[in-house]
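Good morning, and thank you for making time for this presentation. I would ask you to keep the structure in view while I speak.

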Amino acid sequence: MSGVDARRIGLVWSGLLLLAVLLLPWFKGGGGSALTQALEGRVWLMPLVAIGGGLALLSAMARDWRIHPAGAVLVGAGLVWLILQGFAIGLRGPAIAGLETLLPASAAGQPGFGWGAWIAGIALIGALADLLAGRGFCRGERFAALSIIGIVAALSLFVFFPILRLVATAFVAADGTVSLAPFAARLTAPELWATRCLTGAGRCGVVINSVILGVLSATLATALGLALALLVARTDFRLKRLLRALSILPIITPPFVVGVAIIVLFGRTGIVTVELAELMGIRPTRWIYGLPGILMAQVLAFAPVTFLVILSALEAINPTLEEASTTLGARPVTTFRRVTWPLLRPALAAAFLLAFIESLSDFGNPIVLGGSYDVLSTRIFFAVVGAQYDLGHAATLSLILLALTVGAFWVQQRWVGRASYVTVTGKSDAGLTAAVPPLVKWAAIAAVVPFVVFTTGIYAIVLVGGFVGDIARMDLTPTIAHVWTAFSFEITDRGVQLFGSAWNSMITTLWVSALSAPLTMGIGILTAWLITRQDFTGKRLFEFGTLLSFAVPGTVVGVSYIAAFNVPPIDITGTLWILVICFVFRNMAVGMRAGVAALAQIDRSMEEASQTMGAGGGRVMVDVVLPLIKPAIFTALVYAFVTAMTAVSAVIFLVSARHNMATAYIMGRVENGEFALAIAYSTVLMLVMMACIALMNLGIGRRKLGRRSALSKGKAT
Amino acid sequence: MTETAIEFRGVVKRYGEAVAVAGIDLTIAKGELVTFLGPSGCGKTTSLRLIAGLELPSEGQVLIAGRDVSRDPASARNVGMVFQSYALFPHMSVLDNVAYGPVIRGTKRPAARARAAEILDQVGLSGLHQRLPSELSGGQQQRVAVARAIVQQPDVILFDEPLSNVDAKLRRKVREEIRSLQRRFGLTAVYVTHDQEEALAVSDRIVVMQQGRIAQIGTPADLYERPASPFIADFIGDANLIAGHVAQGRFTAPGLSLDVPGPEGQAMLSLRPERIGLDPGGPDLIASATYLGSRIEYGIQTPAGDLLVSRPITETPLPVGTRVHLRIDPKDASRVA
Ligand SMILES: Nc1ncnc2c1ncn2[C@@H]1O[C@H](COP(=O)(O)OP(=O)(O)O)[C@@H](O)[C@H]1O
Ligand SMILES: [Mg+2]
């Protein structure tokens with residue numbers, strides 16, 4: 001056994017760097033490499049070429065470039081210079097006054113980063129990680145060091161940097177000057193903070209509205225998720241399989257469609273409303289528009305997510321703990337209260353948190369069902385796309401929203417505490433899961449039945465709505481006209497021709513989802529692993545970074561991306577990539593939470609055993625970690641995929657004519673009152689998602705760790 | 001001179017402010033079984049993990065087979081480790097658990113499986129190859145863990161409290177098994193325990209640790225018979241610690257005087273309970289007598305303090321209240337301070 005091959009590693013990174021500066025087009029939109037650009041006058045690119053050469057030379061000559069002082073200097077200087085020159089010289093000239101006298105060529109400006117610059121950045125970051133690993137970072141584990149540095153770099157670029165830009169924007173007055181006054185004025189506006197509705201004397205401010213909605217929605221969704229999870233995991237409740245299926249439905253439903261279905265049912269001319277008016281003489285009102293409607297839609301939408309989170313925690317509880325309690329003579333109630341419940345608490349907190357933040361970030365339901373009940377996300381949207389375009393106002397509201405979600409996260413963290421929940425160890429864990437006490441079971445059923453009825457109603461509308469003449473007016477003549485409008489095609493001798501108005505957005509959506517789901521899951525799980533398994537300097541900060549990415553609502557992401565990525569050096573608005581990136585960093589936290597919950601229950605010595613047997617970090621992941629946390633991976637993957645297909649709050653700011661997304665398209669139809677077309681498209685979208693989820697389920701399979709399953713024995717669950 | 005397998009040079013390990021290992025120098029010879037012994041929290045596990053590469057030293061160097069591995073991660077070293085919880089992979093069969101290491105290090109799977117099967121047979125697990133770890137008893141799981149650790153012929157095999165999950169009744173047997181395996185394969189082994197009896201039984205040498213430092217290194221007999229400090233005397237076996245004074249080659253304490261050479265001044269002697277004889281008639285009083293089957297333990301009141309004396313059952317028992325005279329051979333007394 002010999003140690004790490006420093007020379008080979010060094011040559012790989014410096015080789016990549018040289019490739020980037022010598023051969024690849026440096027700028028966005030093609031053109032010459034850094035070297036040719038430098039020779040043609042953009043001399044500030046020359047140092048990067050020199051650093052590439054220097055690093056290659058050093059790794060070839062030095063005994064170990066990673067601990068050689070020159071190595072640190074070269075890599076550090078390379079990164080700093082890459083960033084500095086990018087921001088110092090913008091598209092239309094230098095951002096710093098006087099720079100053009102020093103560098104005449106800078107007057108002409110420079111485009112944003114292209115392939116060359118990106119690859120150079122990656123090579124330098126890789127070299128930095130290896131340099132640190134060579135100095136003992138992450139116990140010398142390359143994989144861990146690379147992961148941490150890579151994720152830190154990505155978070156800085158795609159989470160911190162946009163937020164910084166956002167903060168800066170909040171201080172910009174309408175005339176373009178920067179000062180504290182506009183921010184202070186925007187922040188203290190009474191339309192934000194009024195609490196009149198609490199005393200029954202009028203309307204509340206938009207902030208108060210958002211908080212009320214968030215708390216109610218998260219509480220109800222968590223309770224419902226818990227009830228569902230308990231019934232599915234711990235009882236012989238007969239409708240178990242139906243529940244599992246039903247609970248999948250809302251997650252794969254684009255948000256607008258539930259809103260539309262609710263209007264079709266309960267709106268002033270809604271089916272139920274009209275029935276009630278005829279049968280009982282109840283006067284039709286618009287009560288559904290506002291808090292009740294949004295709440296209804298949100299609980300339906302979030303309960304399945306909380307259900308999945310709680311379920312995977314429930315399934316990961318080592319049965320021997322409950323068995324032990326029962327053996328010690330505890331009644332089911334006591335076992336549940338003293339063993340199961342405390343073990344579930346972190347999952348409940350995670351679920352509540354998730355739902356709260358989702359609720360605050362939700363844009364689709366408030367915009368369809370909100371009526372005059374204003375919330376932050378819709379207000380932000382109208383500040384950006386509305387008549388009085390005011391990015392400063394949007395930025396201020398975004399910061400308030402951000403403070404709320406981050407605050408919520410912090411409170412939750414305090415409540416969960418730092419207890420250790422290791423219950424899956426390398427030792428055998430054969431055992432039977434405990435059944436829940438009858439009282440809990442009946443309470444759960446009482447919560448779930450209305451949910452089932454309601455969901456059935458909504459989905460009846462959704463299923464039928466797209467395929468009949470006009471569901472809103474109870475015109476039930478079957479037709480495929482709506483589907484055909486969206487997805488018409490013709491098969492000619494030149495192949496399939498797509499005519500339908502929805503094809504473009506459908507194809508983009510599929511691409512974006514297929515690209516972002518594995519990336520999101522990968523980064524989320526990797527981050528979870530780093531947080532639970534690695535001790536490294538700056539870990540607290542790293543956790544804070546991932547925390548922030550979790551707590552940033554989609555609307556805020558949308559606004560901050562506009563503020564950050566419209567201009568060089570990183571101008572990626574209007575591309576497919578900004579959509580993918582947006583989803584990855586918006587959703588990685590869900591995979592991370594699922595991963596942390598799963599990993600916290602797995603004894604880390606299994607991974608250490610694998611390491612001592614010669615496995616590097618990557619092998620440990622593949623051989624040991626991933627097989628043990630399959631449920632978390634599945635959750636993460638499904639969630640990432642489905643959110644990419646159905647999310648709207650961030651993408652609504654980022655779609656372009658060329659890359660439109662399904663949800664943005666559907667929102668347009670809803671705004672135009674084309675409910676049937678919206679429903680038809682949604683139905684197609686859901687079918688596609690179900691097919692994809694089934695594929696994923698097949699690919700990953702379910703976990704079995706030699707656990708006897710008495711409940712499922714003889715029944716095919 | 002024997003070959004050195006492991007060397008610690010001024011090794012320090014800190015976790016932020018806390019110091020887990022506070023400067024250790026140590027060499028372990030090839031083929032030796034060395035135990036790290038000490039109370040909980042004294043840094044035994046950390047020292048073991050420093051050898052494995054699961055922790056890297058904050059200061060100093062760790063050498064394995066003469067090579068400085070201080071900056072090498074665990075995967076780049078060649079050590080086998082048996083974890084306290086065994087850490088078997090629950091999703092792999094017994095055979096695949098053992099074959100895992102060779103496969104990782106580049107052996108083709110069939111060859112690795114053959115090698116694993118061979119080792120499993122040698123540790124007495126033939127016929128259980130296709131089981132999952134959860135289908136084995138605790139003792140069998142441990143043997144799998146041992147097989148997995150030795151299959152790659154590591155430079156050193158590390159045991160972290162290997163008996164802590166074994167039934168009390170089986171401990172002696174398992175301990176003997178580990179020892180005989182280690183001898184049979186000629187393995188260098190480092191063994192962590194907080195149980196002094198276990199350490200005395202299995203070790204070639206014992207490293208007693210206290211608050212991140214080495215308190216004493218020696219063979220079991222060295223430590224038992226010549227403890228270097230009151231801490232060691234007390235920690236290993238039972239000891240009577242008597243404070244007194246040395247002058248002109250004699251140790252004196254109230255009612256006690258013994259020939260003890262060495263530097264003059266304040267002194268403390270350690271006397272093992274079974275090395276003190278009792279003669280009827282004398283200044284000291286038997287305050288208690290506890291029957292323990294193979295021996296009787298007496299509590300004796302003396303002017304120098306209460307002493308514990310242990311006599312074999314084959315001697316005539318003395319009743320409580322008897323006046324006795326203590327018989328002490330100065331060779332049995334060790335000066336610990
Ligand atoms: N990862 C860690 N972070 C912080 N402190 C630690 C860590 N591991 C061990 N320690 C501390 O180092 C000391 C020695 O621990 P350890 O080596 O596990 O002791 P032992 O195995 O002898 O019981 C203890 O005080 C322990 O709290
Ligand atoms: Mg320990």
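Predicted model: local features only at pLDDT ≥ 70, side-chain atom pairs only at ≥ 80, totals over all residues.

Among contacts in chain A between residues at least 6 apart in sequence, what percentage join residues at least 24 apart? The answer is 73%.

Let me begin with chain A as a whole. Its secondary structure consists of 31 helices and 6 strands. The chain has a radius of gyration of 27 Å, close to the 27 Å that the globule rule gives for 717 residues, so chain A is as compact as a globular protein of that length.

How much of chain A is buried? Of its 717 residues, 57% count as buried. The accessible surface of the chain amounts to about 29400 Å², and carbon and sulfur atoms hold 68% of that area. As for charge, chain A carries 50 positive and 32 negative side chains, with the centres of the two sets 8 Å apart.

I turn now to the interior. In general, nonpolar side chains tend to be buried together in soluble globular proteins. In this model, the largest nonpolar core has 273 residues. Which residues have the most contacts inside that core? They are A:Trp26, A:Tyr561 and A:Phe585. The element that gives the most to this core is helix 25 of chain A, residues 576-600, which supplies 16 residues. Another core, of 36 residues, lies apart from it; among its members are B:Leu120, B:Ile157, B:Leu187 and B:Tyr191.

Following helix 26 comes A:Gly614, whose phi is positive, near 110°.

A:Val257 sits in helix 12, residues 255-266. Is A:Val257 buried or exposed? With a relative accessibility of 3%, A:Val257 counts as buried. Leaving out residues up to four places away in sequence, A:Val257 touches A:Val462, A:Ile679 and A:Ser682. There is also A:Ala680, which is 423 residues from A:Val257 in sequence, although their C-alpha atoms are 9.5 Å apart in space.

The other residue is A:Leu187, found in helix 8, residues 180-187. A:Leu187 counts as partly exposed, at 29% relative accessibility. Setting aside neighbours within four places in sequence, A:Leu187 is in contact with A:Leu192, A:Trp193, A:Thr396 and A:Ile400.

Let us move to chain B. How many helices and strands does chain B have? It has 8 helices and 19 strands. Its C-alpha trace spans about 75 × 45 × 40 Å along the principal axes. Of the 337 residues of chain B, 53% count as buried. Where contacts in chain B have a separation of 6 or more, 63% of them involve residues 24 or more positions apart. The accessible surface of chain B is about 14400 Å², with 50% belonging to carbon and sulfur atoms. Chain B has 37 positive and 37 negative charges, and their mean positions are 5 Å apart.

I close with two details of the backbone, one from each chain. Most residues other than glycine have a negative phi. In chain A, however, A:Cys138 has a positive phi, near 55°. A:Cys138 lies in the loop between helix 6 (115-134) and helix 7 (142-170), and at 3% relative accessibility it counts as buried. In chain B, B:Ala65 likewise has a positive phi, near 50°. Where is B:Ala65 found? B:Ala65 is in the loop between strand 4 (59-64) and strand 5 (67-68) of chain B. Its relative accessible area is 53%, and B:Ala65 is therefore exposed.

Notes
Residues numbered from 1 in each chain as written. Chains lettered and ligands numbered in written order. Heavy atoms only, no water. Helix = DSSP H or I, 4+ residues; strand = E, 2+ residues; numbered from the N terminus. Rg over C-alpha atoms; globule rule 2.2 N^0.38 Å. Buried < 20%, exposed > 50% of the residue type's maximum accessible area, 1.4 Å probe, protein only. Contact = heavy atoms within 4.5 Å. Areas by Shrake-Rupley, 256 points an atom, 1.4 Å probe, with all protein chains shown as cover. Lys, Arg positive; Asp, Glu negative; His and termini not counted. Charge placed at Lys NZ, Arg CZ, Asp CG, Glu CD. Core = buried A, V, L, I, M, F, W, Y, C linked by side-chain atoms within 4.5 Å.
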